[in-house]
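Hi everyone, thanks for making the time. Let me put the structure up on the screen, and then we can walk through some of its side-chain pairs together.

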Amino acid sequence: MTAVDPRTLDLIHAEIDGIISEGERSRLQDLLAGDAAAREYLARMIELTETLAGVKEVAPPDGLRRDIMSSVRAARMQPGGGTRSWLQPLWPGRRALLRYGYAFAAGLILGLSGIHWYVTETMDVRPVASSEVAGTITAPGIPSGSEVVQQSTLEMSDLGGTVILLRSESGFDLVFNLDATGEKGPARVALAYNPLEASFTGFDQVRGQVRDFQAAGGELSWEMLGHHETAIHFKAWEEAGPVIELRFFVGGAPVQSLSLKLAGSP
Amino acid sequence: MDTAADTELARACLCGDVSAFETLVQRYERAVFNLAYRLLNDREDAKDITQTAFIKAYQGLESFDPRLEFRSWLYRIAVNESINLRTRRRRMEPLASIAAVHAAGGKSPEEDCVNNDLRRDIQEALMEMKRDHRVVIVLRHFLGCSHQEMSQIIQKPVKTVKSRLFTARQILKDLLIQRGVM
């Protein structure tokens with residue numbers, strides 16, 4: 001190792017990297033004037049830098065870009081390729097969760113079967129008439145890692161349901177859970193946003209079917225009929241919170257509009 | 001390089017514009033290939049890493065933070081992929097592949113372009129260095145990254161980057177002196 005003072009070495013490397021200030025350069029020159037080892041070290045470093053700078057780039061193989069783009073296009077064509085699937089933004093560790101889910105479901109079925117057998121075989125029970133049973137089936141809760149930013153309810157006679165804006169680490173999910181009677185024709189959902197402030201990064205159809213899905217230049221729209229669950233994933237580029245304008249149409253006529261703010265960058 | 005333009009292209013990719021991604025590939029294909037080549041000293045491996053890095057970048061654009069530079073993010077992927085490849089293969093690091101190439105009478109990748117002993121000596125010296133030192137030398141001296149960019153790429157504080165680069169230069173200087181290059 002060199003015997004050059006560490007402070008001098010710092011200045012030499014700053015000089016080599018081109019980040020030395022005028023004051024530091026003046027100080028370095030003073031130090032070099034009285035230190036032959038430092039002058040030798042600087043000369044070696046300059047030589048090293050010039051040697052490395054003289055090494056030419058290696059040309060990539062012909063066709064590399066074409067191969068890359070072919071692979072990219074192939075990846076894009078695969079399910080979920082290029083964009084995010086519905087589960088992905090909400091459950092980043094979904095594979096592990098699904099595995100636990102399957103295990104839990106299997107255990108639950110076995111457990112319930114055992115209880116059923118025990119109750120029916122060992123206890124004196126009477127059947128319960130359907131008229132005596134009441135309850136509700138609820139939608140699953142908000143996935144962990146996501147929080148509700150805004151929730152709106154639609155209560156028109158031809159179109160009803162909820163629109164929930166969720167925020168997760170990866171962005172925002174706009175979740176539509178709608179029912180369209182179709183009596184006056186199909187319903188249409190239209191979204192508009194500033195593409196410089198937010199990006200549409202994924203669309204996932206959970207239930208029902210959409211028709212005539214269109215996405216271009218900050219606008220998305222699709223038609224639906226019957227029960228319909230859809231999630232749209234957005235990424236916000238602006239801290240201020242881009243606004244998504246939502247409009248709903250039934251039979252071609254506007255029936256409701258909403259504004260949702262992608263509040264804060266996740 | 002125009003960082004703002006890179007970010008705009010990344011945004012366009014997220015909106016489904018594949019041609020925007022092709023522009024990014026065109027812009028950085030050469031740099032990523034050279035980065036991987038300098039780290040791995042194998043042209044085929046460098047090609048594979050370049051391809052993998054771009055595909056991973058495309059698939060992971062969602063996680064790209066637009067406040068950072070796209071190229072730093074892309075280089076980080078390429079560096080990590082190169083390190084992973086090397087770890088997976090558990091190769092003998094220094095000289096083995098070069099020696100094999102020479103023993104077989106084949107041309108080294110450098111010699112494919114220009115027969116230059118100096119360049120070969122430098123590449124051999126690089127391969128003798130520890131991985132962390134090689135990475136900072138390649139990023140700084142072959143790709144022209146600033147300390148700040150290197151900090152983003154290797155995900156270490158700028159202070160650590162400076163210190164590592166400082167040490168790496170001394171080691172490389174000594175290796176090149178041993179080889180009579182300097």
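Phe21(B) and Tyr58(B) are both buried, where buried means under 20% relative accessible area, exposed means over 50%, and partly exposed is in between, with a 1.4 Å probe and protein chains only. Phe21(B) and Tyr58(B) form an edge-to-face aromatic pair, 5.0 Å centre to centre with 70° between the planes. Phe21(B) sits in helix H2 of chain B and Tyr58(B) in helix H3, residues 43-59, so this pair links distant parts of the chain, 37 residues apart. By aromatic pair I mean rings of Phe, Tyr and Trp (its six-membered ring) with centres within 6.5 Å; planes under 30 degrees apart are stacked, over 60 edge-to-face, and the rest tilted. Helices (H or I, at least four residues) and strands (E, at least two) are DSSP runs, numbered from the N terminus.

A word on what you're looking at: this is a predicted model, where local features need pLDDT of at least 70 and side-chain atom pairs count only at pLDDT 80 or more, while totals for chains, interfaces and linings use all residues. Residues are numbered from 1 along each chain as its sequence is written, chains are lettered from A and ligands numbered from 1 in the order in which they are written, and side-chain values use heavy atoms, leaving out hydrogens and water.

Back to the rings. How many aromatic pairs does a search of the whole structure find? Nine, over all chains. One of them is Tyr193(A) with Phe234(A), also edge-to-face, at 5.2 Å centre to centre and 75° between the planes. Tyr193(A) is in the loop between strands S4 (187-192) and S5 (198-207) of chain A, and Phe234(A) is in strand S8 (residues 226-236), 41 residues apart. Tyr193(A) counts as buried at 10% relative accessibility, and Phe234(A) counts as buried at 1%. In chain B, ring pairs also link Tyr28(B), Phe64(B), Phe70(B), Trp73(B) and Tyr75(B) into a cluster.

Now for charges. The whole structure has 25 salt bridges over all chains, a salt bridge being a side-chain nitrogen of Lys or Arg within 4 Å of a carboxyl oxygen of Asp or Glu. Which residue does Arg65(A) bridge to? Its partner is Glu29(B), with the closest N and O atoms 3.3 Å apart. That pair crosses between chains, from helix H4 (residues 64-77) of chain A to helix H2 (residues 18-40) of chain B. Arg65(A) is partly exposed at 30% relative accessibility, whereas Glu29(B) is buried at 9%.

Over in chain B, Glu128(B) and Arg179(B) form a salt bridge with closest N and O atoms 2.1 Å apart. Glu128(B) lies in helix H7 (residues 117-128) and Arg179(B) in the segment after helix H10 (158-178), so the pair ties together parts that are 51 residues apart in sequence. Glu128(B) is partly exposed, with a relative accessible area of 37%, and Arg179(B) is partly exposed at 26%. Both belong to a network of salt bridges that also includes Arg120(B) and Glu124(B).

Chain A has six helices and ten strands, and buried residues make up 34% of its 266 residues. Take its contacts (heavy atoms within 4.5 Å) between residues at least 6 apart in sequence: 58% of these join residues at least 24 apart.
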